[in-house]
Amino acid sequence: MTTEYYSSAGSNEFAVASATSTVTTTPMFSSATLSQLLVTEIKRLYQALATSSSLEPSDNINRLFTELVNLCITRRDRGMTRIVLKHPDIRTLIPHLRLLCATGEYLLELQWALKLVSDHDKYKLSDFTYYDNYRLLVRLELHALLGIGASIRHMVFIGSGPLPLSSIEMVRQASAVERIDNVDKSNEAIAASTALTQQLGLGEKLKYHCRDALDFNYGSADVVVLGALVGSDNHEKKQLLCHIIDQMKTGAILMVRSAHSLRELLYPSCKLEQPGLEPLVEIHPQNEVVNSVVLAQRI
């Protein structure tokens, strides 16, 4: 049986930019009216991003993504959220919006990884726009892993990207983590993350592999972490999950980053109900942390 939690811990630890046109709930409007306002706002942000000549970080692009993230993490009535997500216009744009978000996220991380390596006297890792979000997410994940009694000595992170903040925070926050194998199919991402890791002096614990996740062996891992952006669609993600589960040793933990409520505009929701797994925990943050965390054990 899966235990499901809604977490709001740490909600006051850092402030999200307030320059947003997010629609908030007030008694003056009906649920249907508020839902339509949200749909209109989501479509406006989507159109602005989709018609941009580039998603490279800039004042305008950063502002648009900040508004979108703020809209998604604001707590709302569940009924209203369902109405918005089921709206035909929203259902149509979600796949492309997620792709835009993935592209923007990659470009922002790449820019910061390169800056941190080339000008490390001027920039610190904690200066990264979403550093606190990652720090809180990793803390949540570590608490969940320790709460189920998982061994965290050897981990594999799939989809580590050019700025491997999750892996960096894992080894910084938990001395029990001895090795993390980071897997990404982008040569550019692996080159940037390897250079940053060496600069930070974490090369003994953080290893990098430029390859398709389907070509990696997960048999020795105590924990396998699947990044939220891994898998272009549900079919590809299901194929990868089956491959991972087949190779995992008995007792190992599969931890998947998922999404709930309007956060599903940014990332797909994922359930771990495949044969060979025992679902354990789902945690759905209600604070600034964007991703949900889903854990299951190989049986």
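**His154 and its surroundings**

Mentor: Setting aside residues up to four places away in sequence, His154 touches Arg179, Asp181, Ser220, Ala221, Asp222 and Val223. A contact here means heavy atoms within 4.5 Å. The model is predicted, so local features need pLDDT of at least 70 and side-chain atom pairs count only at pLDDT 80 or more, while totals for chains, interfaces and linings use all residues. Residues are numbered from 1 along each chain as its sequence is written, and side-chain values use heavy atoms, leaving out hydrogens and water.

Trainee: Is His154 buried or exposed?

Mentor: His154 belongs to strand S2. Buried means under 20% relative accessible area, exposed over 50%, and partly exposed in between, with a 1.4 Å probe and protein chains only. His154 has 8% relative accessibility, so it counts as buried.

Trainee: What is the hand of the crossover from S2 to S3?

Mentor: Look with the strands pointing away from you: a clockwise path from the first strand over the helix to the second is right-handed. Here the chain leaves S2, passes through helix H6 (residues 165-173) and reaches S3. This β-α-β crossover is right-handed.

Trainee: How many residues of H6 are buried?

Mentor: The buried residues of H6 are Leu165, Ser166, Ser167, Ile168, Glu169, Met170 and Val171. Their cover includes H5, S2, S3, H7, S4 and S6. H6 is largely enclosed by the rest of the structure, because its buried residues number 7 of 9.

**The next strands**

Trainee: How many residues of S3 are buried?

Mentor: S3 spans residues 179-184. The strand is mostly covered. The buried count is 5 of 6 residues.

Trainee: Do S7 and S8 run parallel or antiparallel?

Mentor: S7 is mostly covered, with 7 of its 9 residues buried. S7 and S8 form a hairpin with 6 residues between them, and Ile283 stands opposite Val293 in S8. The two strands are joined by 6 bridges and run antiparallel.

**Aromatic rings**

Trainee: Which class does the Trp112 and Tyr123 pair fall into?

Mentor: A pair of aromatic rings is described by the distance of the centres and the angle of the planes. Rings of Phe, Tyr and Trp (its six-membered ring) pair if their centres lie within 6.5 Å; planes under 30 degrees apart count as stacked, over 60 as edge-to-face and the rest as tilted. By this rule there are 5 aromatic pairs. The centres of Trp112 and Tyr123 are 5.7 Å apart and their planes stand at 80 degrees, so the pair is edge-to-face.

Trainee: How far is the charged end of Lys115 from the ring centre of Trp112?

Mentor: A charge sits over a ring if NZ of Lys or CZ of Arg is within 6 Å of the ring centre and within 35 degrees of the ring normal. Lys115 lies over the face of Tyr123, at 4.5 Å from that ring centre. Its charged end also sits over the ring of Trp112, and the distance to the centre is 3.9 Å.

**A loop and the totals**

Trainee: What is the phi of Ser261?

Mentor: Ser261 lies in the loop between strand S6 (253-258) and strand S7 (277-285). At 23% relative accessibility, the residue counts as partly exposed. Ser261 is not a glycine, yet its phi is positive, at about 50 degrees.

Trainee: How much of the protein is buried?

Mentor: The secondary structure comes to 8 helices and 8 strands. The protein has 299 residues. Buried residues make up 52%.

Notes: Helices (H or I, at least four residues) and strands (E, at least two) are DSSP runs, numbered from the N terminus. Two strands pair if DSSP finds at least two bridges between them.
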